[in-house]
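Colleague: I would like to learn how to read a model like this one. Can we go through it feature by feature?

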Amino acid sequence: MKLKQRVVLLAILLVIFIFTKVFLIDNLDTSAANREDQRAFQRMLSGLRVALDPRLEHTLQSPWEIAAQWVVPREVYPEDTPELGAVMHAMTTKKIIKADVGYKGTQLKALLILEGGQKVVFKPKRYARDYIVEGEPYAGYDRHNAEVAAFHLDRILGFRRAPLVVGRFVNLRTEIKPVATEQLLGTFMTVGNNTCFYGKCYYCRETEPACAEGDIMEGSVTLWLPDVWPLQKHRHPWGRTYREGKLARWEYDESYCDAVKKTSPYDSGPRLLDIIDTAIFDYLIGNADRHHYESFQDDEGASMLILLDNAKSFGNPALDERSILAPLYQCCIIRVSTWNRLNYLKNGVLKSALKTAMSHDPIAPVLSDPHLDALDQRLLSILATVKQCTDQFGPDVVLVEDRMTLSHL
């Protein structure tokens, strides 16, 4: 064989070798990542049941100190949380030492300070479990049980971006009124034999109070994030106008995602993928009201999108608001880890997992069966949407590897 032919042959063999090596390494890496996703899913399933137990492994720390140490830029609580039940037990049983009107917002809530100085947000029950909220997908009062269910769905999806939430019964006469500020106390009233309050907020009205059954009010408490992690508010790029007859740009511009990708913080880092994770989360719970979102301050787009204020969810199990998925079907990208987790939850696993996760909550049953059934149906719609994207653009474009190392130091 001539020297020139040998050189050409060697060059061809070298190219084949390099291609094969890269292909094998890529597949090995992907396979290893997928195996880790599967293991993480199994760990999640094994830890679904959270018994509200006051015992702590670290007896020298309060539950509030433990929960505060969990918070890092990319998660509110870690995957392995043996003290989760103790923290949630404290949230639902610790003495209330102060009660005030809720922080700024459109909906009724109260800010409570629990023994040990921990702030929590209390949202009262406004609807029975089987009540159907008609009208727009963001209509109606906040749903306290939606906050509880959304927190556990966040655990199941493996996002860990929602603050801790648990149900709680409070006695308005003996637990709240004696420690209430004058501003909150001035909104209390008696309707029939029931103690009620209407609080202070944009839509709070004396004619629309939240009422206990007698003195006992059911609600949810959300753990306030540590003050050392101040929040920054952002307008959601797929937010609604809330004006009849006026569409947001994303509602008529099919190339809208291309424009979003050119603006900070969506032009680099994990934020756009967080937006798409959140769209999936919101579609599952039926939340079409995420007009703004929060992240930690001064993060330059590196920290997570925090899943706060999920109470405009689980209003109508028969309503599947597809527009919530706009970030997904317009951008046609999704994290591989999210895609894997969604596939593991098919065939009724999601409904069963959420039912199990919520079974120990003090206000269980948290959701009615139609809402649980709706979750499984909406999951199929999400999977079908991703398949349409992969059919059009190919899986290499749609499925994005974005596995950021999470520091617990």
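Modeller: Phe-314, for example, sits in the loop between strand 10 (292–296) and helix 9 (326–331). Now the ground rules. This is a predicted model, in which local features need pLDDT of at least 70 and side-chain atom pairs count only at pLDDT 80 or more, while totals for chains, interfaces and linings use all residues. Residues are numbered from 1 along each chain as its sequence is written, and side-chain values use heavy atoms, with hydrogens and water left out.

Colleague: How many helices and strands are in the chain?

Modeller: The chain has 13 helices and 12 strands.

Colleague: What share of the residues count as buried?

Modeller: Buried means under 20% relative accessible area, exposed over 50%, and partly exposed in between (1.4 Å probe, protein chains only). Here 50% of the 409 residues of the chain count as buried. Contacts tell another part of the story. Contact means heavy atoms within 4.5 Å. Take the contacts between residues at least 6 apart in sequence: 73% join residues at least 24 apart.

Colleague: What should I look for in backbone angles?

Modeller: Most residues other than glycine have a negative phi, and most peptide bonds are trans. Phe-314 has a positive phi, near 50 degrees, and is not a glycine. Its relative accessible area is 5%, so Phe-314 is buried. Tyr-242 also has a positive phi, of about 60 degrees, without being a glycine. Tyr-242 lies in the loop between strand 9 (231–235) and helix 7. At 34% relative accessibility, Tyr-242 is partly exposed.

Colleague: What is the reach of helix 12, from its first C-alpha to its last?

Modeller: The expected span is 1.5 Å times one less than the number of residues. Helix 12 (residues 369–393) has 25 residues and reaches 37 Å, close to the 36 Å expected. Gly-394 follows helix 12, with a positive phi near 95 degrees.

Colleague: At what angle do helix 4 and helix 11 pack?

Modeller: Axes are lines fitted to C-alpha atoms, for helices over the stretch in contact, and angles run from 0 to 180 degrees between N-to-C directions. Helix 4 (residues 144–157) and helix 11 (residues 349–358) pack at about 120 degrees, with axes 9 Å apart. Angles under 35 degrees count as roughly parallel, over 145 as roughly antiparallel, 65 to 115 as roughly perpendicular and the rest as oblique. Helix 4 and helix 11 are therefore oblique to each other.

Colleague: Is the crossing of helix 4 and helix 11 left-handed or right-handed?

Modeller: A crossing is left-handed if the near helix is turned anticlockwise from the far one by less than a right angle, and right-handed if clockwise. The crossing of helix 4 and helix 11 is right-handed. In helix 4, Ala-149, His-152, Leu-153, Arg-155 and Ile-156 take part; they meet Leu-350, Ala-353, Leu-354, Ala-357 and Met-358 in helix 11. By class, this contact has 8 nonpolar, 1 polar and 1 charged residues. The classes: Ala, Val, Leu, Ile, Met, Phe, Trp, Tyr, Cys and Pro count as nonpolar, Asp, Glu, Lys and Arg as charged, and the others, Gly among them, as polar.

Colleague: And how do helix 2 and helix 3 pack?

Modeller: Helix 2 (residues 63–70) and helix 3 (residues 84–93) pack at about 125 degrees, with axes 9 Å apart. The crossing of helix 2 and helix 3 is left-handed. Pro-63, Trp-64, Ala-67 and Trp-70 in helix 2 meet Leu-84, Ala-86, Val-87, Ala-90 and Met-91 in helix 3. That contact has 9 nonpolar residues, no polar and no charged.

Colleague: Which residues does Lys-125 contact, leaving aside neighbours within four places in sequence?

Modeller: His-144, Glu-213, Glu-218 and Gly-219. The C-alpha atoms of Lys-125 and His-144 are 5.7 Å apart, although 19 residues separate them along the chain. Lys-125 lies in the loop between strand 3 (118–124) and helix 4.

Definitions and conventions: Helices (H or I, at least four residues) and strands (E, at least two) are DSSP runs, numbered from the N terminus.
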